[in-house]
Amino acid sequence: MKEVLLALAVAWSLGTGLAHAQATDAPAAAAPTPITDADIKGAPTPTPEQKAAGDAAGTLTGNPADIPVSDAKKGLTIQDVVTAVGGNLIATNFVWTLITGFLVMFMQAGFAIVETGLGRAKNANHTMMMNFMVYGVGMAAYWLIGFGIQEGGVGAVANLGGTAPLNSEFAITLFGKSWGLFGQKGAMLGGSTYDVGVMVMFLFQMVFMDTALTIVTGTAAERWRYSAFIISSFVMGALTYPLFANWAWGGGWLATLGSSYGLGHGYADFAGSGVVHSVGGVTALAMAIIIGPRIGKFNRDGSPNAIPGHDITLVLLGCFILAFGWFGFNPGSTLGAALNGNLRISSVAVNTMLAGMAGSFSGMYYMWIRYGKPDASMTGNAFLAGLVAITAPSGFVTPMSSVIIGLIAGVLVCLSCEFVERKLKLDDVVGAISVHGTNGIWGVISVGLFADGKSNYAGAWNGVPGSVTGLFYGDAGQLVAQLVGVATLIGFVFTFSFVVNWIIEIAWGHRVQPKVELGGLDIPEMGALGYPEFVLKDEALTV
Amino acid sequence: MKEVLLALAVAWSLGTGLAHAQATDAPAAAAPTPITDADIKGAPTPTPEQKAAGDAAGTLTGNPADIPVSDAKKGLTIQDVVTAVGGNLIATNFVWTLITGFLVMFMQAGFAIVETGLGRAKNANHTMMMNFMVYGVGMAAYWLIGFGIQEGGVGAVANLGGTAPLNSEFAITLFGKSWGLFGQKGAMLGGSTYDVGVMVMFLFQMVFMDTALTIVTGTAAERWRYSAFIISSFVMGALTYPLFANWAWGGGWLATLGSSYGLGHGYADFAGSGVVHSVGGVTALAMAIIIGPRIGKFNRDGSPNAIPGHDITLVLLGCFILAFGWFGFNPGSTLGAALNGNLRISSVAVNTMLAGMAGSFSGMYYMWIRYGKPDASMTGNAFLAGLVAITAPSGFVTPMSSVIIGLIAGVLVCLSCEFVERKLKLDDVVGAISVHGTNGIWGVISVGLFADGKSNYAGAWNGVPGSVTGLFYGDAGQLVAQLVGVATLIGFVFTFSFVVNWIIEIAWGHRVQPKVELGGLDIPEMGALGYPEFVLKDEALTV
Amino acid sequence: MKEVLLALAVAWSLGTGLAHAQATDAPAAAAPTPITDADIKGAPTPTPEQKAAGDAAGTLTGNPADIPVSDAKKGLTIQDVVTAVGGNLIATNFVWTLITGFLVMFMQAGFAIVETGLGRAKNANHTMMMNFMVYGVGMAAYWLIGFGIQEGGVGAVANLGGTAPLNSEFAITLFGKSWGLFGQKGAMLGGSTYDVGVMVMFLFQMVFMDTALTIVTGTAAERWRYSAFIISSFVMGALTYPLFANWAWGGGWLATLGSSYGLGHGYADFAGSGVVHSVGGVTALAMAIIIGPRIGKFNRDGSPNAIPGHDITLVLLGCFILAFGWFGFNPGSTLGAALNGNLRISSVAVNTMLAGMAGSFSGMYYMWIRYGKPDASMTGNAFLAGLVAITAPSGFVTPMSSVIIGLIAGVLVCLSCEFVERKLKLDDVVGAISVHGTNGIWGVISVGLFADGKSNYAGAWNGVPGSVTGLFYGDAGQLVAQLVGVATLIGFVFTFSFVVNWIIEIAWGHRVQPKVELGGLDIPEMGALGYPEFVLKDEALTV
């Protein structure tokens with residue numbers, strides 16, 4: 001009986017056992033108490049009366065009674081709790097990625113009014129409509145073809161708890177290594193890709209793709225046939241963008257340069273300075289060459305004329321919308337917020353805003369010193385240039401590096417605009433080649449210089465353990481990987497875009513008639529003026 | 001031996017025991033280790049030194065030390081953890097529902113500039129002010145009266161962990177079944193409805209209601225007395241909208257058609273093609289009849305004249321803002337993101353964007369083929385029509401069905417606009433009757449056709465277990481429930497709106513004087529021009 | 001003894017006790033079962049086949065397999081689960097605070113077009129550029145200097161799981177109590193402040209600071225030298241704003257009036273009616289005095305002339321953008337959503353929208369009754385006045401009180417505008433002194449009147465246990481604390497701002513030449529017109 005009493009006493013006093021029994025000998029240390037299902041079920045919840053009385057403070061709402069129970073007879077179990085923890089984790093990541101994706105989608109509005117504002121009033125309907133429909137044209141191409149090519153073999157994205165159906169990458173073996181070329185699942189989101197995780201990926205990647213497409217409309221505005229724009233944009237959303245994006249983000253060969261060839265962590269482009277902005281900017285360059293300058297842009301001696309935008313308010317409002325959307329673009333590119341190093345989203349967001357600020361400053365002062373006035377259009381472009389440049393490194397660098405990257409971007413965009421206009425004799429209505437092309441490349445390179453090795457996204461990047469580290473922090477291989485990416489952008493994307501748009505030029509024709517261009521594209525192309533009631537100055541209708 | 005048996009019995013009764021005891025005889029299998037309070041308390045946390053040194057990677061931040069402890073002396077317990085899990089779950093749902101609600105609120109800005117841009121410059125101040133104040137007028141009506149009618153008896157919304165105070169629905173018994181007619185709690189958010197869950201409901205439902213109200217201002221613009229607009233909108237926010245919304249969403253009779261009469265899952269309107277858009281569009285139809293066409297809209301022979309909008313840039317910018325807000329409208333209508341099938345928010349979001357895209361395509365090509373140009377205004381409207389149509393089915397259908405629904409919507413809006421203008425001889429300034437009324441009804445019907453039975457929101461919808469399934473997937477009853485909803489929209493909402501606004505017409509008068517209309521409403525109604533400094537073409541002031 | 005050992009072994013290995021043993025004697029009650037590591041590891045997860053087949057319903061995604069495992073050999077442990085709970089909690093708070101911060105940033109766009117729209121077309125480029133660059137100028141000042149001063153000693157912010165590196169407040173001892181004056185960490189976000197929690201703080205506080213700065217540009221528009229604006233704004237972002245914000249929010253002396261002197265909970269300003277709006281409005285007052293009225297604003301007899309804004313559409317669109325952003329401003333000021341009473345974010349959001357609504361009503365009707373028309377500009381300003389006034393009390397009051405506070409604000413802003421213009425003879429282009437200054441002070445005072453003591457943010461505010469409670473609910477001390485804050489705003493902030501800007505006036509000069517002002521600032525200051533193609537009425541160029 002003594003034994004039984006002892007057993008009971010031990011059990012009673014501690015609800016646990018030997019460790020506790022020992023604890024009584026060493027009262028300083030608390031003895032561990034086992035946890036039972038009763039502890040779970042007994043977690044305190046408000047009474048129905050309390051709930052019906054209202055919870056003004058918000059301290060009763062959100063309690064153990066809200067956790068879904070798998071077996072009502074059993075009540076709440078530890079496994080329900082564990083399931084809820086996993087569910088909460090992925091839900092938080094869904095919320096983050098979806099909302100940041102929505103912000104990125106809203107950038108379309110920013111691009112639309114920046115481009116329209118930098119164009120002339122006689123083309124406002126046409127420029128707005130290109131920017132409006134590029135959203136739909138790109139989405140159609142991507143839904144039908146592009147998404148599958150880009151992401152069809154990306155595999156399971158841990159932060160989204162899934163995307164397992166995206167399991168088919170077409171790869172060839174070269175030099176004894178696998179080279180992923182394109183994905184093969186996900187067309188029209190049918191079959192197994194009718195999946196909640198895949199849907200997040202589609203939404204987020206779609207709006208990125210559309211960002212790249214809308215860059216081109218800015219360069220070729222005020223002279224692009226609307227029908228040709230649709231064809232060209234469709235091809236870009238179906239093929240050009242998805243191919244490069246597959247190589248960089250979809251498990252393709254650029255991403256595996258690290259794991260296959262030891263070049264740092266492979267091509268690292270956090271949110272797409274290269275994938276999105278350079279692909280857009282380089283395609284814009286090809287289009288600028290093919291479509292030629294607007295009538296009146298260059299004099300007979302080759303000297304350029306400034307053609308000011310018709311609405312600076314729209315331009316700068318658009319820049320703010322873009323900066324707002326960029327807080328989706330860069331921080332959202334983690335595809336998650338919870339655990340696995342994802343809290344660095346805050347650092348990404350701060351880097352993004354600092355680089356934009358730095359770009360606007362250096363660009364504004366460059367113009368002010370060089371031309372005597374703080375030009376609004378170029379200040380806006382320099383702001384965007386800083387944002388473009390920080391897009392690739394935003395996840396890998398310090399705030400100070402972000403400021404430096406932005407300061408360089410702000411001057412670079414001015415120099416690049418001058419170079420494109422005066423040396424290349426190209427007409428880029430909004431400066432997109434310089435903002436997105438030049439500074440996209442600068443952003444890709446800057447990863448290879450400034451990445452500080454302090455980030456940690458689930459312990460690896462592109463399958464290479466550890467953190468992306470640039471030359472200034474000791475990894476020259478990373479810079480090489482970045483330069484391979486840049487070479488591919490210029491070598492492949494430019495060539496491919498040029499050939500595609502050259503074929504469209506031959507088969508269909510990119511450019512409107514001179515008469516149409518001089519009178520404005522709105523009536524002949526779209527059937528209605530942008531501003532039918534406002535009186536415009538005479539030159540607005542002819543130059 | 002008795003003692004041993006007792007000990008064994010204890011062990012067995014506690015869910016472990018014998019099997020575990022045996023496990024020690026079979027060392028191949030790891031023995032389950034009980035979890036104690038020491039495991040909870042011992043979960044690893046960073047030291048103060050580590051924290052003060054900064055967490056650049058974000059891998060130390062967010063750890064067990066952040067979980068609130070109910071009893072500081074005890075330290076962290078399993079019950080604290082379980083409480084935190086329930087708290088996190090509801091917090092994630094609050095974050096999701098609030099932010100998506102904010103996005104919906106922002107749609108007011110989109111409506112404002114779409115409607116103003118499609119009107120003429122001489123009425124810009126008046127059209128903007130109607131769109132601006134409809135937000136406040138509707139909110140006042142809803143706070144005082146409407147919310148209680150709509151949601152006063154909705155009961156506890158699980159995703160929000162509460163809203164328990166909304167527990168009073170007025171119902172009558174008819175044919176042996178309960179028919180809920182209106183709610184009776186929540187006026188002015190006082191008493192027990194001063195509750196954090198109720199507040200989320202109020203915010204989210206308020207911005208939906210305001211969306212319905214702002215639809216009417218588009219149809220009746222450019223001739224509506226500002227004071228009459230305020231009265232009419234107040235009644236709509238206090239009664240018209242809340243009544244139908246109660247029947248569909250607040251626990252009223254349309255929602256219980258499934259549980260009471262076996263008609264599918266009852267009237268199913270995921271995000272309000274019917275509740276919001278058709279109620280708005282049908283009321284707009286009543287207003288168009290009562291207020292009559294603008295001077296100059298129809299010739300003596302009844303043929304209509306086109307009156308182009310004054311600013312296409314505003315119109316398409318507004319469409320983008322609306323599309324951005326629609327990512328709140330539809331995906332937010334789960335009222336949650338975590339667990340219970342809520343991750344389908346991603347599917348809802350993708351369906352939404354696909355249908356908008358499809359609508360813009362089919363509408364644009366319809367206009368292009370029929371009239372020779374890809375009209376911007378109608379392309380924008382077709383885009384919105386796709387979004388309106390997918391609103392009801394977005395939570396229940398596949399991506400492919402969403403594209404089909406959108407394609408149909410884009411053509412339907414064009415046909416409907418022609419019908420309203422040419423057959424009904426009504427003047428709908430922005431096409432709201434067709435965009436929201438016609439396509440709202442199309443959306444409601446499409447649920448009854450395309451719902452695929454794959455969704456699963458906590459296992460039931462409108463109290464009927466299983467998933468909403470349409471005719472094409474085998475449930476004809478669902479289509480019947482949808483058609484009952486459509487009949488109610490046309491039979492009740494139209495009649496009620498017509499009578500209310502006809503009384504206002506008699507008692508107060510909806511329409512401004514012809515002189516005011518011809519000269520523009522801005523000075524006589526609002527006291528200031530919208531654009532006092534810009535020179536307008538002569539006809540802008542008279543037609 | 002063997003039995004005892006066995007009993008102990010069982011007890012130890014499984015852990016339970018008398019209550020459980022007794023349960024076997026009372027079979028009606030289920031016996032508690034100990035939870036083991038096998039329960040955790042055995043929590044159900046989908047098979048790879050299920051995952052690859054796609055999860056259309058979203059019921060398989062987000063499960064125990066998504067919880068990061070610290071030791072792959074061990075598999076999932078309870079400590080991993082607890083770590084994930086803490087991680088989810090902070091992640092949800094990060095998501096909330098970052099996204100609401102993004103919304104606040106977007107308010108810059110709203111301010112930009114409200115101010116530009118209320119100005120004249122000839123100054124549109126200049127007004128937009130001031131509003132555009134104030135974002136960058138403020139951010140540069142804050143990153144270099146201001147953030148450290150404001151937040152360098154704020155200590156660990158629990159909702160963000162960290163910010164521990166911000167641990168250095170400079171304080172003096174006065175009357176036996178510590179008076180915090182400014183922080184000393186965080187400059188350029190270097191060293192230990194390269195931390196994910198600090199980054200959230202920086203982002204959120206930065207956009208608040210920028211809001212204060214952009215208020216001043218509205219008052220001094222249409223005559224401020226662009227270079228002087230940059231200098232003035234830099235000083236305000238580096239010193240003026242951060243100092244007061246440190247005293248109110250950064251652990252400085254105003255916040256400790258409660259804990260040190262028993263004045264309620266110390267100066268309580270939930271989201272910054274005082275810290276942000278009054279600091280902006282009071283500085284705007286100082287600038288209005290120094291820079292003087294626009295040419296033509298006042299007649300020789302001192303009577304004022306109305307100078308209407310050039311684009312009402314822009315103004316009201318901007319008001320909507322501001323209201324959208326305010327849903328970040330106020331609800332985001334909890335810095336978290338999960339647990340600790342943070343669910344009151346919904347109440348904060350509803351209070352915010354109700355007060356805006358109430359303000360727009362009372363202001364509109366005041367104007368309508370007094371001047372015969374529902375003036376759009378003043379209705380917009382009254383809407384903003386309601387939002388400004390509710391900013392401080394939004395976290396502490398009922399919906400009904402919010403409506404009352406807003407109703408008063410809407411009239412107050414009209415009276416204040418009249419006073420500023422007719423009595424003070426000051427020229428405030430957009431009414432910012434009245435909207436932000438007067439109503440900011442009203443908001444601060446209203447906390448001391450209407451706070452209802454029902455809120456509960458982790459049990460304390462400013463280190464004083466319990467809830468902020470105003471005079472009408474029994475705590476007169478709180479009102480005194482608020483009045484001390486108001487006195488500081490008027491006594492210190494006004495004086496400091498006046499002296500700083502007076503020095504700039506002497507050393508550099510704030511005002512453009514009369515010729516520049518009459519012709520418009522766009523060409524002389526910025527080098528380009530805002531609307532180069534539109535024909536403006538003659539007076540637009542001269543008045």
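**View 1. Chain A on its own.** Chain A folds into 19 helices and 4 strands (DSSP runs numbered from the N terminus: H or I of at least four residues for helices, E of at least two for strands). Keep in mind that this is a predicted model, where local features need pLDDT of at least 70, side-chain atom pairs count only at pLDDT 80 or more, and totals for chains, interfaces and linings use all residues. Residues are numbered from 1 along each chain as its sequence is written, chains are lettered from A and ligands numbered from 1 in the order written, and side-chain values use heavy atoms, with hydrogens and water left out. The C-alpha trace of chain A spans about 115 × 60 × 50 Å along its principal axes. Of its 543 residues, 69% count as buried (under 20% relative accessible area, 1.4 Å probe, protein chains only).

**View 2. Where chain A meets chain B.** Here 96 residues of chain A are in contact with 98 residues of chain B (heavy atoms within 4.5 Å). The two chains bury about 7900 Å² between them, 76% of it on carbon and sulfur atoms; that's the accessible area (1.4 Å probe) lost on putting the two parts together, summed over both. Phe132(A), Tyr194(A) and Glu533(A) supply 11% of the area that chain A buries against chain B, more than any other three residues.

**View 3. Salt bridges across the interface.** The rule finds 0 salt bridges between chain A and chain B (a side-chain nitrogen of Lys or Arg within 4 Å of a carboxyl oxygen of Asp or Glu).

**View 4. Helices on the chain A side.** Helices that each supply at least two residues of the side touching chain B include H5 (78-118), H6 (124-151) and H18 (522-526) of chain A. H5(A) gives the largest share, 23 residues.

How values were computed
Buried means under 20% relative accessible area, exposed over 50%, partly exposed in between (1.4 Å probe, protein chains only).
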